[in-house]
Amino acid sequence: MKLSLYDENLNRIAIIGGKFISCMWSEGYNTVQPFTLELQATPEYKAVVKPDCYVGRADRKTLMVIKTVRVKSGRIIANGHQAARCMEDVSFIGTIKAGVNIVKSLKTAYDASDRFQNIEFAQSDLDVTYDHDISNKSMLVLLETMCQDTDTGFRAVREGKKIKIELYKPPVNPNRVLAEQYGSLKIDEVTLSTANKRNKAVVLGEGEGDARKCVVVDLSNGEQKRTLIVDARDITREEGESLPSYEARLEARGYEELLKKQGTWECAINPLPQEFGELYDLGDVITVLLPDYKMKLQSRLVRFTQQSQNNVIKTVLEIGTITITR
């Protein structure tokens with residue numbers, strides 16, 4: 001793990017290389033994951049390691065952004081997230097209508113906002129649409145909501161003196177099959193849970209008592225219905241707005257809330273170090289054979305975490321439908 005430090009204008013201000021005490025590096029396919037870097041508190045590092053600096057790796061495209069720096073007992077502890085976290089500081093006021101291309105609509109929304117310094121949305125030919133209205137969110141919530149719904153990934157990568165937000169969606173490769181009996185991985189943890197799962201939303205809008213407006217969003221698709229009540233009293237009918245338009249906004253709220261209420265169906269695995277990042281990477285569709293559980297999971301690699309300390313790197317990959325908590 002070879003690291004470099006960049007300032008807010010993407011000028012490289014330190015070549016850290018492997019000279020750190022420890023580093024925890026985590027990336028999500030369509031979530032924003034944390035980052036921690038621990039360094040010796042040398043005069044050189046104390047002068048340059050600051051909040052809003054970026055950290056890059058020689059072997060990864062994704063950048064991290066430092067948000068908090070703490071100096072204690074001769075050490076610097078820098079905490080942050082994937083650089084797409086900067087999109088939390090950019091607000092979109094307006095509505096993206098259902099059925100539009102997510103790459104074009106996100107870029108248009110971002111370009112019309114108070115953009116973040118040196119960050120742009122990359123052009124893409126990705127043909128993916130989001131089928132619900134969505135309004136008045138931070139750009140990060142727009143990214144997470146629209147990409148999680150459409151199984152699309154996003155990442156912030158450095159291109160010269162700019163950061164580009166890229167959307168991507170690797171196709172299925174049936175040859176990426178991993179199993180302990182093949183020697184290609186070690187199962188670290190299997191988690192199955194319906195504790196958080198909801199698949200039907202009853203959305204309550206304006207009005208009182210029996211006159212209160214109510215719409216139902218049902219995604220159960222023949223499964224046991226697990227109902228969530230959503231209080232959307234803050235969504236009121238605008239002057240001159242048609243009833244179908246108002247109901248569509250209530251439905252969009254219910255759909256967004258259900259996205260946060262998925263079940264956990266997750267497998268954490270330790271891969272062969274020479275395979276991850278070479279034969280497959282974040283976002284690729286992986287098939288994991290779990291004969292002990294009489295299961296075969298085929299899902300995107302949705303998250304990975306690497307812990308590096310004393311020149312030893314431990315990698316844990318996560319596939320499956322993870323519980324998303326915002």
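Guide: Residues are numbered from 1 along each chain as its sequence is written, and side-chain values use heavy atoms, without hydrogens and water. As the model is predicted, local features need pLDDT of at least 70 and side-chain atom pairs count only at pLDDT 80 or more, while totals for chains, interfaces and linings use all residues.

Visitor: How do you know that Cys53 is in no disulfide?

Guide: A disulfide is a pair of cysteine sulfur atoms within 2.5 Å. A search of the whole structure finds 0 disulfides. For Cys53, the nearest cysteine sulfur, that of Cys86, is 11 Å away.

Visitor: Why is Cys53 called buried, and what is Cys214 called?

Guide: Buried means under 20% relative accessible area, exposed over 50%, and partly exposed in between (1.4 Å probe, protein chains only). Cys53 has 5%, so Cys53 counts as buried. Cys214 has 38%, so Cys214 is partly exposed.

Visitor: What makes E17 and E19 a pair?

Guide: Strands are DSSP runs of E, at least two residues, numbered from the N terminus. Two of them pair if DSSP finds at least two bridges between them. Strand E17 (residues 200-204) and E19 run parallel and are joined by 5 bridges, so they pair. Ala201 stands opposite Leu228 in E19.

Visitor: Why do E18 and E19 stand at the edges?

Guide: The open sheet has the order E18-E17-E19, with mixed pairing. Strand E18 (214-218) and E19 each have a single partner strand, so one side of each lacks a neighbour in the sheet.

Conventions. Helices (H or I, at least four residues) and strands (E, at least two) are DSSP runs, numbered from the N terminus.
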